[in-house]
Amino acid sequence: MFDYTMAEIGNIVVMQGFSGLSLFSVLLLMALGLAIIFGQMGVINMAHGEFMAVGAYTTVFMSKMAVKYDIVNTYFVFAILTAFVLAFLIGYLIEYLLIRHLYKRPLDTLLATWGLSLAMQQTFRSIFGAKEVSAELPEWLLGSFQPTPDIDIPINGVFVMGLALVVTVSVYMFMYRSRGGLRIRATMQNRVMAGAVGINTKKVDRLTFALGCGIAGVAGAAFTTIASTGPTTGSLYIVDSFMVVVFGGAASLMGTIASAFGIAQAQSILQFFMTSSMGKVATLMTIVIILMLRPEGLFASKVRK
Amino acid sequence: MSNTDFVLAIEDLTVSFDGFKAVDALSMYIDNNELRVVIGPNGAGKTTVLDLICGKTKSTSGSIKFKNKELTKLSEHEIVRAGVGRKFQTPSIYENLTVYQNLEVSYPVGRTVWGSLTFKRTAALSEQVRKIAAEVLLTEFLQMEAALLSHGQKQWLEIGMLLMQDPELLMLDEPVAGMSAKERDQTAELLNRICKNRSVLVIEHDMEFVKKIAHKVTVLHQGKILAEGSMDKVQLDEKVIEVYLGH
Amino acid sequence: MNVLSEKLLGGKQGAVGLAILALLLFVVFPLWLDLFRLGLLGKYVTYAFVAISLVLLWGNGGILSLGQGMFFGLGGYCMAMFLKLEASDPVSTKIQSTPGIPDFMDWNQLTAIPFFWQPFKSLPLTLLLVLLVPTTLAFIIGFAMFKRRVGGVYFAIITQAIALILSILIVGQQGYTGGVNGITDLKTMLGWDIRTDSAKYILYFTNAGLLIGCMLLARYILTSKFGMLLLAMRDKEERVRFSGYDVSNFKIFIFCVAAMISAIGGAMFTLQIGFMSPSFVGIVPSIEMVIFAAVGGRMSLIGAVYGTLLVNFGKTMFSETYPELWLFLMGGLFIAVVMFFPDGLAGVYQKYADKFNLGGLAAKYFSKFTQWVPKNSGGKL
């Protein structure tokens with residue numbers, strides 16, 4: 001572990017840092033959606049990973065179309081939007097059919113959404129097959145640039161980061177600066193009063209859940225730039241995403257961002273120095289231990305007991 | 001500074017939430033066998049005082065001595081074992097158990113893991129349950145599932161559960177909220193009976209009810225004591241009248 | 001009925017239900033099924049241990065653990081390690097680079113048995129560790145979580161994370177644990193060959209016997225004051241705390257008991273099926289075990305056993321003929337149980353038993369046969 005020069009370590013940190021940033025971006029997008037659903041609504045959506053997969057598969061599908069119609073360089077942005085919309089709509093439907101019956105029972109929501117995730121995984125398998133599939137990426141996403149000869153920064157990583165940034169800022173603006181966001185926050189903080197002043201709380205719930213799922217869809221689209229997608233891809237990230245949300249303090253947007261960053265970086269850097277599995281284990285264990293010491297997470301808001 | 005005569009000695013108690021002082025340098029003393037009623041407008045800090053005593057909320061500074069034992073250092077269940085019982089504002093009973101089981105579970109024997117595993121139902125226990133059930137007027141309902149009781153009966157059940165613990169200080173938060181007039185009378189009788197063997201601290205809003213039971217009244221306002229004394233004296237106090245706007 | 005049998009069997013009703021189950025497990029199934037299917041049944045019975053632990057922990061205690069697979073797996077691994085060491089004597093392994101050590105260690109260029117494998121050379125110590133190791137882990141987790149008042153959903157997610165950690169660890173450390181394939185090729189226990197037909201029968205009956213034993217233990221716990229407190233804590237934790245109970249101690253205790261029972265199941269699995277792998281330790285198996293309890297009835301010990309047998313039987317049947325359909329079914333089962341019959345099959349049975357007063361009818365015509373789950377008893381059996 002220590003037979004690198006300082007310069008080499010510096011380069012490693014930067015490059016691992018960058019791969020950590022890609023991971024960070026995907027985690028952040030996943031966690032954002034989850035933070036909205038869990039942090040704001042208290043709903044545990046174990047199928048969140050599958051909504052990400054919806055976005056990823058949508059992108060893959062559209063990429064295949066793009067290849068056919070030779071618009072590979074331009075389709076990607078549309079794919080992202082479509083991923084959002086599709087995940088949003090499916091989330092809307094699921095809230096109506098399933099989630100709205102279970103608001104008072106968080107543990108049961110957990111189990112029901114797990115069942116949903118199984119059903120969704122099987123749907124993916126039936127439609128797209130069990131093997132992993134990749135999207136045809138547009139040319140401008142491929143390759144890397146080299147600020148210095150020793151550092152190789154992949155372009156798709158930068159893109160994904162940028163996308164995560166745009167989405168995060170949009171979510172922030174929406175939640176804290178728009179009437180829609182105000183309605184959502186009002187409903188979450190005091191449902192009865194929100195209803196009393198004329199907010200259709202049921203509709204708000206549905207839209208909030210759908211929004212969270214839509215963001216997961218975008219995460220899926222972003223994901224296709226860094227890896228291939230299979231029916232079980234969603235389940236790979238679900239535990240990490242929950243850890244990010246819980247670790248950051250479920251109700252705090254800043255907390256989610258900081259937590260996603262910290263966890264992604266820790267994992268990337270550790271994974272370089274240890275084996276991949278030990279790196280993951282070390283990261284998870286650290287999170288669990290910190291959570292045991294501080295259950296409310298890093299950035300928990302102060303609430304009067 | 002110890003006050004060995006008093007059952008409860010609160011001194012200079014303060015609790016602040018992010019700068020807001022819900023209870024502000026409060027000092028209050030309760031005697032043996034006294035029935036003290038605490039009244040005051042909403043937000044005066046009444047429930048907070050109970051929370052502080054029973055350990056639900058941690059104070060920022062000050063001391064609470066129960067029979068000379070410092071309560072601020074103890075955990076909730078330790079405070080209960082020391083002899084303090086608290087009734088919550090909304091009836092806090094075990095809905096899925098019967099009245100008998102509710103009372104039985106509150107019996108202060110077999111409170112550790114091992115104790116509860118090896119706990120044997122004795123004749124003494126069932127007698128105690130029946131006795132308390134009679135006190136709180138629930139004898140006919142012993143086998144009924146607690147969820148099916150009326151609101152007033154649930155309040156009585158909770159008082160009964162606390163009586164099973166045989167506390168020396170019993171704290172009741174709005175015990176007659178939601179009760180009919182008849183139930184209020186019955187509760188007043190009940191409270192007057194039970195304070196013979198212990199001290200009782202009651203938070204209430206219903207002035208008629210307060211008059212029936214209070215030995216002494218403490219008026220709280222903005223976390224501080226505004227006035228203290230017999231009900232008559234307090235009702236005539238100018239400051240109190242001003243705060244309640246002629247109530 | 002005297003007090004002790006009241007506690008163990010829950011009165012006449014519980015006793016009858018348990019007797020029927022025992023009859024099925026000890027007499028009917030062994031006579032009716034061939035050895036292969038009996039082996040399958042034995043496998044399901046080991047899962048039932050976990051289901052029972054969940055009745056205690058989740059149904060009655062309200063604590064959802066999504067990591068019971070950890071404890072099942074740890075118990076299984078302890079047993080597997082003992083059996084593997086025995087199967088790796090220098091004579092059978094003489095073709096290895098280092099004879100006398102398990103094959104996977106040899107493949108991973110280990111040259112000696114790691115220190116933490118040493119205790120598993122002795123059977124008594126192994127049996128002790130089967131009970132102790134998972135329980136200690138449960139104690140540590142429980143202490144850290146419950147003393148800090150972490151519960152509900154957070155607790156569930158963290159147990160899930162810990163199960164994930166454990167499974168990644170096991171898979172990653174191939175040399176020490178056998179990796180993703182687990183520990184296989186187990187042959188004898190103190191010289192007794194566990195792969196023969198007669199051994200399989202003996203192990204099956206031991207397994208069933210241990211299950212009934214654990215059910216009696218669980219029964220005892222649930223009918224004691226502890227059991228009533230468990231229900232009270234599930235529904236109104238604050239009130240219990242303010243009645244003078246240190247709630248966290250109770251939660252830690254029941255979590256440890258649940259871990260121990262699951263571990264026994266795991267050890268029996270290893271003995272009967274002849275291997276243990278990380279596929280039982282992680283997130284997916286843990287949550288599957290929850291569905292067994294949920295389908296059978298999370299408040300009913302007997303129900304949970306039947307639920308386990310039923311779901312697994314269905315899984316075996318469907319996975320062969322319609323594998324795609326099975327995952328849909330399972331997902332649907334999760335949703336259906338949560339939405340429509342939260343008390344599982346036992347709850348459904350109870351509803352109809354009450355409706356048609358089956359109890360009264362039966363009592364009239366057959367002096368045995370009564371309800372599974374007595375009302376207001378907190379669902380003891």
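This is a predicted model: local features need pLDDT of at least 70, side-chain atom pairs count only at pLDDT 80 or more; totals for chains, interfaces and linings use all residues.

I begin in chain A, with helix α10, residues 253-273, and helix α11, residues 276-293, which pack at an angle of about 145 degrees with their axes 8 Å apart. The contact draws on Ile263(A), Ala266(A), Gln267(A), Leu270(A) and Gln271(A) from α10(A), while α11(A) contributes Ser276(A), Gly279(A), Lys280(A), Ala282(A), Thr283(A), Thr286(A) and Ile287(A). As for the handedness, α10(A) passes α11(A) in a right-handed crossing.

Let me stay with α11(A) for a moment. Which residues of α11(A) are buried? They are Gly279(A), Lys280(A), Val281(A), Thr283(A), Leu284(A), Ile287(A), Val288(A) and Leu291(A). Their cover includes α9, residues 233-248, and α10 of chain A, but also α7, residues 152-172, of chain C.

That brings me to chain C, which has 16 helices and two strands, and in which buried residues make up 53% of the 381 residues. Of the contacts in chain C between residues at least 6 apart in sequence, 78% join residues at least 24 apart.

Turning to where chain C touches chain A, 35 residues from chain C and 33 residues from chain A take part in the contact. On the chain C side, α6 (123-146), α7, α12 (283-296) and α14 (323-339) each supply at least two residues, and α7(C) gives the most, with 15 residues. That side of chain C divides into 28 nonpolar, five polar and two charged residues.

Asn68(B), however, has a positive phi near 70 degrees, and it sits in the loop between β4 (61-66) and β5 (69-70) of chain B. Is Asn68(B) buried or exposed? Asn68(B) counts as exposed, because it has 12 C-beta neighbours inside 10 Å, and the cut-off for exposed is 12 or fewer. Asp185(C), likewise not a glycine, has a positive phi of about 60 degrees and lies in the loop between α8 (174-177) and β1 (188-189) of chain C. With 14 other C-beta atoms within 10 Å, Asp185(C) is partly exposed.

Conventions:
Residues are numbered from 1 along each chain as its sequence is written. Chains are lettered from A and ligands numbered from 1 in the order in which they are written. Axes are lines fitted to C-alpha atoms, for helices over the stretch in contact, and angles run from 0 to 180 degrees between N-to-C directions. Helices (H or I, at least four residues) and strands (E, at least two) are DSSP runs, numbered from the N terminus. A crossing is left-handed if the near helix is turned anticlockwise from the far one by less than a right angle, and right-handed if clockwise. Two residues are in contact if their C-beta atoms, placed from the backbone, lie within 7 Å. A residue is buried if 20 or more other C-beta atoms lie within 10 Å of its own, exposed if 12 or fewer, and partly exposed in between; C-beta atoms are placed from the backbone. Ala, Val, Leu, Ile, Met, Phe, Trp, Tyr, Cys and Pro count as nonpolar, Asp, Glu, Lys and Arg as charged, and the others, Gly among them, as polar.
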